[in-house]
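Please go through the structure below with this report beside it.

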Amino acid sequence: MILIDTHTHLYLDEFDSDRSLAIQRAIDAGVKYMLLPDIDSEHTPLLIETCKLFPGNCFPMIGVHPTSVKADYSKELENVSAWLKKEKFYAIGEIGLDLYWDKTFFAEQCDIFRAQLRLALRHNLPVVIHSRNSLDQLIQIISENEFRNITGVFHCFPGSVQQAQTLVNRGYKLGIGGVVTYKNSGMAKVVKSLGLEHLVLETDAPYLPPDPYRGKRNESAYIKDIAAFIADLVGCSLNKVAEITTKNAIELFKIPLI
């Protein structure tokens, strides 16, 4: 059984004391591959360094997180373009819109999101989209003619069954993590309605751990717990969840198998 964590921030400070051990725990739990999303230029070197610790297991993305966008975002965009010339990346991400923390730079968030979608097109890469309190606005942008051929993942999908169906009709996968185990999240309904063929698994470690780890640091090894919960939810085996979601991730991100 092979599982994939399609979204884990293993390079952050929360893992400084046991980063290699956390990665090895994930591998030992069957989580053979982990994809690491970027945040901004401050974090990119740490992300690359972490992936080089386990080059056959950890794969980098590159992008500017919406909460890192300020009035002058050109340097952040230049950082992404520069790294794309130097290293291999498996997605443009984590990009998107965030209207939860601060709406001050919403126009700039939209501008750099579109610019990063164009980078994805230019480099033939999928995108990993952050959509906190902004799902309708993002659906509107990705529906623009210029971006209709892009594929990717809506990370930590936060929406309704109807919104989920709109996205899968456009070729996107939904990133499902620990939130699906929370009783009032509504994600169980989405998963049951859509089926496994539209899902990839993720932790968003060190954030959003599944039950029964809430209140503790999340880590990639817990993908197995998320997969087991989904198996019970849809009435199939853990192996089936692993088989389908892993296939989805490998095909989308073009992960080189070892």
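H6 covers residues 161-169 and H7 covers residues 187-194; they pack at an angle of about 45°, with their axes 9 Å apart. This is a predicted model, in which local features need pLDDT of at least 70 and side-chain atom pairs count only at pLDDT 80 or more, while totals for chains, interfaces and linings use all residues. Residues are numbered from 1 along each chain as its sequence is written, and side-chain values use heavy atoms, with hydrogens and water left out.

Helices (H or I, at least four residues) and strands (E, at least two) are DSSP runs, numbered from the N terminus. Axes are lines fitted to C-alpha atoms, for helices over the stretch in contact, and angles run from 0 to 180 degrees between N-to-C directions.

H6 passes H7 in a right-handed crossing. A crossing is right-handed if the near helix is turned clockwise from the far one by less than a right angle, and left-handed if anticlockwise. On the H6 side, Val 161, Ala 164, Gln 165 and Val 168 meet Lys 189, Val 190, Ser 193 and Leu 194 of H7. Contact here means heavy atoms within 4.5 Å.

H7 also packs against H8, at an angle of about 65° and with the axes 10 Å apart. Ala 188, Val 191 and Lys 192 of H7 make this contact with Ile 230, Leu 233 and Val 234 of H8. The crossing of H7 and H8 is right-handed.

Now for the rings. The structure holds 5 aromatic pairs. Rings of Phe, Tyr and Trp (its six-membered ring) pair if their centres lie within 6.5 Å; planes under 30 degrees apart count as stacked, over 60 as edge-to-face and the rest as tilted. Elsewhere, ring pairs link Tyr 33, Phe 59 and Tyr 90 into a cluster.

Which residue lies over the face of Tyr 100? It is Arg 132, at 3.5 Å from the ring centre. Arg 214 lies over the face of Tyr 182, at 3.6 Å from the ring centre. A charge sits over a ring if NZ of Lys or CZ of Arg is within 6 Å of the ring centre and within 35 degrees of the ring normal.

The peptide bond from Gly 93 to Glu 94 is cis, with omega near 15°. Glu 94 is found in strand S4, residues 92-98. The bond from Ala 205 to Pro 206 is also cis, with omega near 10°. Pro 206 is found in the loop between strand S8 (199-201) and helix H8 (223-234).

Leu 208 is in that loop between S8 and H8 too. Its phi is positive, about 55°, although it is not a glycine. Cys 156 is another residue other than glycine with a positive phi, near 45°. Cys 156 sits in the loop between strand S6 (152-154) and H6.

How accessible are some of these residues? Buried means under 20% relative accessible area, exposed over 50%, partly exposed in between (1.4 Å probe, protein chains only).

| Residue | Relative accessible area | Class |
|---|---|---|
| Tyr 100 | 42% | partly exposed |
| Trp 101 | 61% | exposed |
| Cys 156 | 25% | partly exposed |
| Leu 208 | 30% | partly exposed |
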